[in-house]
There are 2 protein chains.
Amino acid sequence: MPQDITAAESFGWEDALRVAADGGRADQSDLSGYFRKVDTCNRGMEKRGEFVEFTVEGQVVGYIHNGFVEHLRDFHDVFTIASGSNGSSTVEHVTLHSSLRTPDERTNAVGNVIKSLGDLIPGIRNELYPITSSYGMPVYFSLERAAAPYFGIKAYGVHMNGYVEKEGQRFLWIAKRSDTKQTFPGMLDHLVAGGLPYGISCEENVIKECEEEAGIPRSISSNATSVGAISYMDIEGFRYKRDVLFCYDLKLPADFVPNNEDGEVDSFRLIPVPHAANIIRRTHFFKPNCNLVIIDFLYRHGYINPDCHGYLKLLQNLRRGDCS
Amino acid sequence: MPQDITAAESFGWEDALRVAADGGRADQSDLSGYFRKVDTCNRGMEKRGEFVEFTVEGQVVGYIHNGFVEHLRDFHDVFTIASGSNGSSTVEHVTLHSSLRTPDERTNAVGNVIKSLGDLIPGIRNELYPITSSYGMPVYFSLERAAAPYFGIKAYGVHMNGYVEKEGQRFLWIAKRSDTKQTFPGMLDHLVAGGLPYGISCEENVIKECEEEAGIPRSISSNATSVGAISYMDIEGFRYKRDVLFCYDLKLPADFVPNNEDGEVDSFRLIPVPHAANIIRRTHFFKPNCNLVIIDFLYRHGYINPDCHGYLKLLQNLRRGDCS
């Protein structure tokens with residue numbers, strides 16, 4: 001069983017490109033490196049029993065850890081912690097206080113609780129995520145992005161593979177995140193990716209992120225093609241991440257060079273797809289969820305084929321989370 | 001709620017092409033026509049309780065209807081019908097007699113039973129399917145293709161979308177099945193599709209079917225690209241179909257014209273992708289499982305996008321069966 005190279009303190013492009021070009025030693029039909037990346041995004045399934053349902057208007061919108069519920073008990077006028085019986089045992093669930101009727105009332109009340117919880121929820125971004133039972137359904141209220149995993153809210157994002165075709169070969173544009181970025185500094189990333197905030201369509205979000213993250217003008221980015229979705233669920237402590245990523249492909253002109261405009265990217269490299277695949281299989285250099293979106297790309301473009309052992313299982317595992 | 005046009009006694013290309021070009025009346029973001037096609041392939045889920053497990057070497061390989069089990073009871077030396085308890089109730093399962101140790105012994109013994117069941121299993125094809133717990137796993141024995149649904153065996157196939165790009169538009173080559181074909185005569189079909197018999201890889205099967213069904217030479221068909229898989233489960237009477245279809249795309253030269261060599265196809269037409277989508281949404285002209293593979297094509301090529309209501313649900317429904 002080959003081991004992965006972990007992202008130590010930091011790594012440079014030269015480290016990534018060395019692994020990328022050195023795929024000759026590996027059996028290209030061995031999917032085990034990809035399975036490990038899926039596992040990295042889907043931890044703690046055995047701890048689901050530690051979470052209780054979070055419901056709004058009778059619909060389950062999230063899951064909250066037993067321990068985190070204790071911190072919400074003091075806010076009687078915002079959260080109602082109800083008990084019900086499930087056979088012989090008593091189960092709790094958390095809902096919003098019945099006096100909070102409109103989305104705005106709920107957004108403000110929950111927002112104030114989050115502020116007063118202080119360090120319990122680090123990394124506040126002042127970016128609101130819509131709370132629904134599933135994508136496209138009515139929005140019950142909006143919640144600070146950094147708080148979403150503490151309420152087990154499904155969060156949606158867009159991830160775009162930007163690629164180039166030349167001389168019969170396909171290349172992926174790969175970004176390296178700025179070393180000063182709050183999350184996953186210095187790691188490899190998609191050309192363009194972002195969370196889906198309240199009130200913007202996927203397509204508009206892709207076009208906006210294309211401009212900000214890679215300097216891709218609308219005349220090109222409007223050709224970005226939706227190609228499906230991946231999902232994962234990851235439990236760590238009080239946090240229950242339930243992410244759904246809408247995947248996009250954008251075929252770029254061969255002479256296009258990306259240019260980061262928001263300071264979040266250190267640099268870009270154009271890498272043959274099989275080389276990017278080697279980095280995924282053999283290292284932890286990519287931001288974890290990017291691995292899944294690139295594996296999906298490898299499936300759709302025939303780089304992983306049915307005669308590889310585990311083909312169907314890995315394909316299914318790309319949507320191990322609630323993809324709704 | 002718009003209704004679908006059902007395939008009456010027969011229909012001609014002129015009927016299909018009229019619906020195809022008449023998509024202007026429909027809301028292109030309305031996915032309900034696609035959902036109905038998924039439902040057509042996934043009937044009878046509520047009847048799963050009427051089936052018992054069929055196991056070989058301790059692994060579940062299929063499901064057999066209670067009523068069909070009665071027909072197997074007389075064959076003591078081939079099938080063992082064992083009882084076990086599940087809480088308060090007694091459940092049966094069917095396995096092979098312990099004297100049948102090798103794949104060949106099992107294949108022959110079960111084959112003889114199927115012959116002696118006569119009209120109970122119609123449409124014998126003399127084509128063997130491998131029996132495994134999941135794709136790529138050891139083969140326990142082989143079973144006549146027509147008998148697979150009576151044993152609830154997973155059956156695997158390859159389906160290929162052949163397409164052409166010209167003047168910035170994408171077109172699908174669509175086949176119309178021969179009126180004399182045993183199954184689904186006269187219905188619309190993929191350019192190339194076939195069951196996956198014992199002992200042949202997906203890729204070799206695609207190349208073989210390309211030659212036989214559409215006259216595509218290996219020099220072109222070797223460019224066929226694996227792009228994923230779809231699955232469905234369909235219960236009707238004693239039959240429990242569990243199909244997994246490996247999906248392929250093949251981009252064909254703009255001037256290529258298919259030529260059927262095995263007499264199974266009446267004729268071919270090259271149709272703009274949005275027109276093919278209209279036929280799927282509004283009629284039952286396609287052989288049912290082809291709808292799912294073309295819907296998967298529509299997803300991967302951006303013809304269905306995340307801002308359509310039901311995007312994620314339909315995407316998930318393309319693998320409603322056990323895709324393993």
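User: Which of the residues of chain A comes closest to the rotation axis?
Analyst: Two copies of a chain are related by a rotation about an axis and a shift along it. In this predicted model, R300(A) comes closest of the residues of chain A, with its C-alpha at 3.7 Å from the axis. Local features here need pLDDT of at least 70, side-chain atom pairs count only at pLDDT 80 or more, and totals for chains, interfaces and linings use all residues. Residues are numbered from 1 along each chain as its sequence is written, chains are lettered from A in the order in which they are written, and side-chain values use heavy atoms, with hydrogens and water left out.

User: What rotation and shift superpose chain A on chain B?
Analyst: With copies superposed by least squares on the C-alpha atoms of residues with pLDDT of at least 70 in both, a rotation of 180° with 0.0 Å of shift along its axis brings chain A onto chain B at an RMSD of 0.0 Å. That is the relation of a two-fold axis.

User: How many residues does the contact take from chain A and from chain B?
Analyst: Taking contact as heavy atoms within 4.5 Å, the interface draws 31 residues from chain A and 31 residues from chain B. Of the interface residues of chain A, 100% are also interface residues in chain B, so the copies meet through the same surface. The two chains bury about 2400 Å² between them, 59% of it on carbon and sulfur atoms, where buried area is the accessible area (1.4 Å probe) that two parts lose on being put together, summed over both. P306(A), L312(A) and R319(A) supply 25% of the area that chain A buries against chain B, more than any other three residues.
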